[in-house]
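Me: I have a structure open that is new to me, and I would like to talk it through. Could you take my questions one by one?

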Amino acid sequence: MANNDLPAKIELVAELEGHDDRAWHVAWNPHRPILASCSADKTVRMYHYQLNTSSSDADSSSPLLKFSHTTTIPTGHTKTVRAIAWSPSGKTLATASFDANIGIWAQEEDEEDEGAGGGSGEWECMSLLEGHETECKSVAYSRSGSLLASCSRDKTVWIWEVHPDSDFECMGVLMEHTQDVKCVAWHPKEEILASASYDDTIKLYSDDPSDDWFCATTLSGHDSTVWTLAWEPTNGKYLASGSDDGTIRLWRITGGQMSEMKGECIMALEGHQGSIYSISWSPGKKDEKRIAEDGESSLGWLASTGGDGTVVIWEITRPIAGSDRSKLSSRKIAQLDAAHGVFDVNSIVWCPRPGLEHVFATAGDDGHVRIWKVEWKNT
């Protein structure tokens, strides 16, 4: 199906320049109007954004959001900053670096800027987590904010307990993968962790209250490196994975912390001509009329990107009623080729803030961050 025949379109909202080397990752603050990006130039750039109140439906040329660069954090990392993650409170930012360390950052409180959004206080490194032997590839906070996970080229996943005053305690070092670990992602409801690796597998971990963290199950099916993971955002009953084999696999996860955990691959999505480096799952902007007509409920929008420079948006649905409600369906609703020109796209992340679920950011090898929105056509 040609891009023009798809039911939705992807439109550029803003382009943010400034990094001196490839941009690896972006992260939206969950509570404040802040977008952060990190780069091989060892910095983190912070942007404040606001709704463009002058725009209207009649003036579609006006951007949805206005962005302004507020600060650049030098970080002090001696190598590439590969990944970043906000705590659920939005008060701290974790940076994962190829120097094997993880930085924990917080902004000085400024009474004059309280409630103003971006604030003007300086960002300070409150803690430096050491332990990995080589490059850190990913970092993620649990939903409660009480745990932080990190992974590395050293084949390990570390779980840290978050204490007051930016104090962290290592709760477990998980050595289940046989190769470089590329990504960690927490379940949206429970303290269940997923990791993806160069060994082509996905591991799910849980905490045994009477013992330690352990690998509850292994998901196999990809034919090459698994780069990226994304949980279904509402209930976490499904997990998506993107791979070097050019496919996205959707897994049904059963069981949980208190029962035997299992995973079954129920769908494979194909739409890329190269490695899939990043996926992100959002509740999306539902087409209520079509969903009602088809007797389906939406599980949201899944966005994917990677080495081919293409962005694809998928709508994931399931039947509203019937005996087979667990059977998922998918359809490609939008596609954008050459999202960063000739460059690879390394990261794609939906905005989590209410009313902006159709907005996402990408980071590319061109060093730029681009903001996009997805809109249904003819609505």
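What follows is a short chat about this structure.

Reply: Gladly, and please keep in mind that this is a predicted model, in which local features need pLDDT of at least 70 and side-chain atom pairs count only at pLDDT 80 or more, while totals for chains, interfaces and linings use all residues. Residues are numbered from 1 along each chain as its sequence is written, and side-chain values use heavy atoms, with hydrogens and water left out.

Me: How many helices and strands does the protein chain have?
Reply: The protein chain comes to 1 helix and 28 strands, where helices (H or I, at least four residues) and strands (E, at least two) are DSSP runs numbered from the N terminus.

Me: And what share of the chain counts as buried?
Reply: Of its 379 residues, 57% count as buried, and buried here means under 20% relative accessible area, with exposed being over 50% and partly exposed in between (1.4 Å probe, protein chains only).

Me: Which residues touch the most other members in the largest nonpolar core?
Reply: In that core of 20 residues they are Leu16, Trp28, Leu35, Leu65, Phe67, Val359 and Ile371; a nonpolar core is a set of buried Ala, Val, Leu, Ile, Met, Phe, Trp, Tyr and Cys residues joined through side-chain atoms within 4.5 Å. Strands that each supply at least two residues of this core include β1 (8-16), β5 (65-73) and β28 (369-376). Apart from this core lies another, of 17 residues, with Trp350 and Trp376 among them.

Me: Changing topic, which strand does β14 pair with?
Reply: Strand β14 is joined by 5 bridges to β15 (residues 193-197), and the two run antiparallel; strands pair if DSSP finds at least two bridges between them.

Me: Is β14, residues 181-186, mostly covered or mostly uncovered?
Reply: Strand β14 is mostly covered, since 6 of its 6 residues are buried.

Me: What does lysine 182 touch?
Reply: Leaving aside neighbours within four places in sequence, lysine 182 is in contact (heavy atoms within 4.5 Å) with residues including Lys137, Cys151, Ala196, Tyr198 and Trp227. The side chains of lysine 182 and aspartate 180 are also joined by a polar contact of 3.0 Å, that term meaning a pair of N or O atoms within 3.5 Å, where within protein one must be able to donate a hydrogen and the other to accept it, and residues adjacent in sequence count only if both atoms are side-chain atoms.
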